[in-house]
Amino acid sequence: SGKNVTTDTFRHVGIFFVAALYGASASIILVTSLSLTAELIGEHSSSAAFVYGAMSFTDKVSNGVAVVLIQKFTPCDKCIEEAFKWYYRDVLFYVVGGAVLIGALTAVALRFMKNSKDIAVPVPAVH
């Protein structure tokens, strides 16, 4: 019965803590992505609209592909319910956790570069 109390407490109270962490991390990722895009543009402001548009398009396509893959690998309805029960939890944990690790490693790598402008690729100006 102690396990049920803990589970019920999490469902009614703890989920708000998880939602707050999820929202805060999504905001951090968004701000980091926009700042890296701005750094990529640098002094080439004439091509900024193209770069932001291309980054937005890439974001939308990659999210669409992720949704399709998650749906494709969802265990079937006739399968054992236990496999289906934890599927989305595992997807959230491993996919989001993996993305966070890749982002953290990238941020650390950028920090240790002598000049972060070394990785910026100048985009030709559109006249």
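Let's start at K60, which counts as exposed because its relative accessibility is 55%. Here, exposed means over 50% relative accessible area, buried means under 20%, and partly exposed lies in between, with a 1.4 Å probe and protein chains only. This is a predicted model, where local features need pLDDT of at least 70 and side-chain atom pairs count only at pLDDT 80 or more, while totals for chains, interfaces and linings use all residues. Residues are numbered from 1 along each chain as its sequence is written, and side-chain values use heavy atoms, with hydrogens and water left out.

So who does K60 pair up with? Its side chain meets that of D59 in a salt bridge, at 4.0 Å from N to O. A salt bridge is a side-chain nitrogen of Lys or Arg within 4 Å of a carboxyl oxygen of Asp or Glu. D59 counts as partly exposed, because its relative accessibility is 38%. Search the whole structure and you find one salt bridge.

Now step back to the overall layout. Helices (H or I, at least four residues) and strands (E, at least two) are DSSP runs, numbered from the N terminus. Of the 127 residues in the chain, 8% are buried.

Helix α1 covers residues 2-41, and F17 sits in it. F17 is exposed, with a relative accessible area of 55%. Together with F10, I15, F16, V18 and L21, F17 makes a nonpolar surface patch of about 610 Å². Patches are made of residues with over 30% relative accessible area and no salt bridge, with like charges joined within 9 Å and nonpolar side chains (Val, Leu, Ile, Met, Phe, Trp, Tyr) within 5 Å. The areas come from the Shrake-Rupley method with a 1.4 Å probe, and for residues only the protein chains shown count as cover.

Next, have a look at helix α3 (residues 81-85), where you'll find F84. F84 counts as partly exposed, at 32% relative accessibility. F84 and T74 are 10 residues apart in sequence, and their C-alpha atoms are 7.3 Å apart in space.
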